[in-house]
Amino acid sequence: MLLEDQRFLSEDIERLESAIADRIGEEPKHIRDRLNRDHQVSGFLTRIQDQSKRLLDIYHDAEGLRTKEVQAISTGDPFEEFYKHLGEIKDFHRRYPNEPVENLERAYKRKAPAEGESATAEVDNMFTGEEAFGKFLDLTTLHEDYLNLAGVKRLSYLQYLDSFDIFTPPQCPIKRPDKTTDHYFAYVGRLVTYLEDFLRRTAPLQDLDKLFSTFDADFDAAWQSDSVPGWSKDTSASSIAAPTTEGTGEGIWCPDCLKEFKNDNVYKPHLSGKKHLKAAEARKTNSNTNASSSAPNSSPVHHLKERAIAEREFRISKLASTLSSERVATRINVERKQGMTERERQMELDALFAETPSDLPTAHDSDSDSDTSEKIYNPLKLPLAWDGKPIPYWLYKLHGLGVEFPCEICGNFVYMGRRAFDKHFNEARHIYGLKCLGVTNTGLFREITGIEDALKLWEKIVRDKRVEGGKGEGVVQMEDAEGNVMPEKVYYE
């Protein structure tokens, strides 16, 4: 029955809207719960679109079946039509006695963790351990692919994170003819696919198709105006013939050796060297091969391939700017992990995946339960790191954080570690304590922490200044013929 299908679809859409409202009303604290909620809402929105299309098809009634069904109900004996449909329903259940009935009320209802909701497993499988549920990028595999390209410099992972979206010299050593190879084409394709997939996994509720269409429109406009970085016509001409000047532009550039010389005295002697002669011959052969291959390179197929590669590079640059915050966070995370041992990295990874929604305090839990669940095991009383967990014990011993340095001038405040103790002499607490004792020149009181010692030193400084001032009064200074200044007594002796 089309009318029953129409009612079912309308009810399904209303249930979906109610389920979305229930999930949007609360903001989860853990990033995994937030991603789980966003992906559920994204699935509900997709189902609403599909059900709405089916409902519109019923309302349009292209074949006229809905009109016939309405006429059959509205005309004739209504009981006869009712019993007819009742018989069809009974016949259906007689043939399929174990057919399950879909309960829309419970289909989209949020389940408590005790009811066995396993939707978080889907989110767990979406991200690698390095990505940490979308906080960081995982470009380790793509970094290895980049290092396997021909003509590239060996970069560390941190350097690659800074330059993976730059495709113009001098940051990118790959020349334009080398970019048309199959290896480079596959590399930029994998990089684009990863960045787009990462964006879809971390932002499922954004209209990414619209964002990607704007990237395509911007590229088409840039390609038509010949303003795509690294793919303009003058760039292709310069890739065939070596440039006349490079580097800083202040010295003399040798196009054969691709080297800059400061002056003529250095440039002219190198022209007769073996390296220069070899480079000149190699440049001649390259120019001949480029001239012979210029005809096939100007073919439509070659231009289409260049356009495809340029489009991927342009999209990588746009996606990298969109993911700028994740990129900065990735760099900070990599630098932080370089100072950790393998055991500490594994413990951090295990702790990340061990955090489940059941571990977090719920609204109906008591305050005592929430306090006990947030306690951190720290028997050695180690200082806490940026993530709220105790720092490693070897780092604690390395910085000497177990050594106490009391300071009586600061009100018997105890500083843990030599670094904090040395730093506190320039802080406001210590300077204020010295001023309370009447000391004005605080720079001379470094390493002095006792009040009695500080007062004795200050009295000695004041006394010495008075003595020097008294001696200086009435002293006549004389100057000899060579310009030497001395007291009058020494001058006459």
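Colleague: What is the mean pLDDT of the protein, and what percentage of its residues reach 70 or more?

Modeller: This is a predicted model, and pLDDT is the predictor's confidence in each residue, from 0 to 100. Here the mean is 79, and 85% of the residues reach 70 or more.

Colleague: In which helices is confidence lowest and highest?

Modeller: Helix α18, residues 367-373, has the lowest confidence, with a mean of 46. The highest belongs to helix α10, residues 182-202, at 92.

Colleague: Over which residues does pLDDT stay under 50?

Modeller: One such stretch is residues 237-245, for which the model has 10 contacts beyond four places in sequence. Residues 357-373 also have a pLDDT below 50, and that stretch makes 8 contacts in the model beyond near neighbours in sequence.

Colleague: Let us turn to helix packing. At what angle do helices α1 and α3 pack, and how far apart are their axes?

Modeller: Helix α1 (residues 2-24) packs against helix α3 (residues 65-74) at about 110 degrees, and their axes are 9 Å apart. Angles of 65 to 115 degrees count as roughly perpendicular, so α1 is roughly perpendicular to α3.

Colleague: Which residues make this contact?

Modeller: From α1 come Leu2, Leu3 and Gln6, while α3 contributes Leu65, Arg66, Glu69, Val70 and Ile73. Sorted by class, the contact of α1 with α3 has 5 nonpolar, 1 polar and 2 charged residues.

Colleague: Next, accessibility. Is Ser18 buried, partly exposed or exposed?

Modeller: A residue is buried under 20% relative accessible area and exposed over 50%, with partly exposed in between. Ser18, which is located in helix α1, has a relative accessibility of 40% and therefore counts as partly exposed.

Colleague: How far apart are Ser18 and Lys109, in sequence and in space?

Modeller: In sequence, 91 residues separate Ser18 and Lys109, whereas their C-alpha atoms are 9.0 Å apart in space.

Colleague: What is the relative accessible area of Gly43?

Modeller: Gly43 belongs to helix α2, residues 31-60. Its relative accessible area is 37%, so Gly43 is partly exposed. Between the C-alpha atoms of Gly43 and Leu16 the separation is 9.9 Å, although these residues are 27 residues apart along the chain.

Colleague: Finally, which backbone oxygen lies 2.9 Å from a polar side-chain atom of Ser163?

Modeller: The backbone oxygen is that of Gln159. Ser163 itself is in helix α8, residues 157-163. Leaving aside residues up to four places away in sequence, Ser163 touches Leu155 and Arg327.

How values were computed:
Residues are numbered from 1 along each chain as its sequence is written. This is a predicted model: local features need pLDDT of at least 70, side-chain atom pairs count only at pLDDT 80 or more; totals for chains, interfaces and linings use all residues. Side-chain values use heavy atoms; hydrogens and water are left out. Axes are lines fitted to C-alpha atoms, for helices over the stretch in contact, and angles run from 0 to 180 degrees between N-to-C directions. Helices (H or I, at least four residues) and strands (E, at least two) are DSSP runs, numbered from the N terminus. Angles under 35 degrees count as roughly parallel, over 145 as roughly antiparallel, 65 to 115 as roughly perpendicular and the rest as oblique. Contact means heavy atoms within 4.5 Å. Ala, Val, Leu, Ile, Met, Phe, Trp, Tyr, Cys and Pro count as nonpolar, Asp, Glu, Lys and Arg as charged, and the others, Gly among them, as polar. Buried means under 20% relative accessible area, exposed over 50%, partly exposed in between (1.4 Å probe, protein chains only). A polar contact is a pair of N or O atoms within 3.5 Å; within protein, one must be able to donate a hydrogen and the other to accept it, and residues adjacent in sequence count only if both atoms are side-chain atoms.
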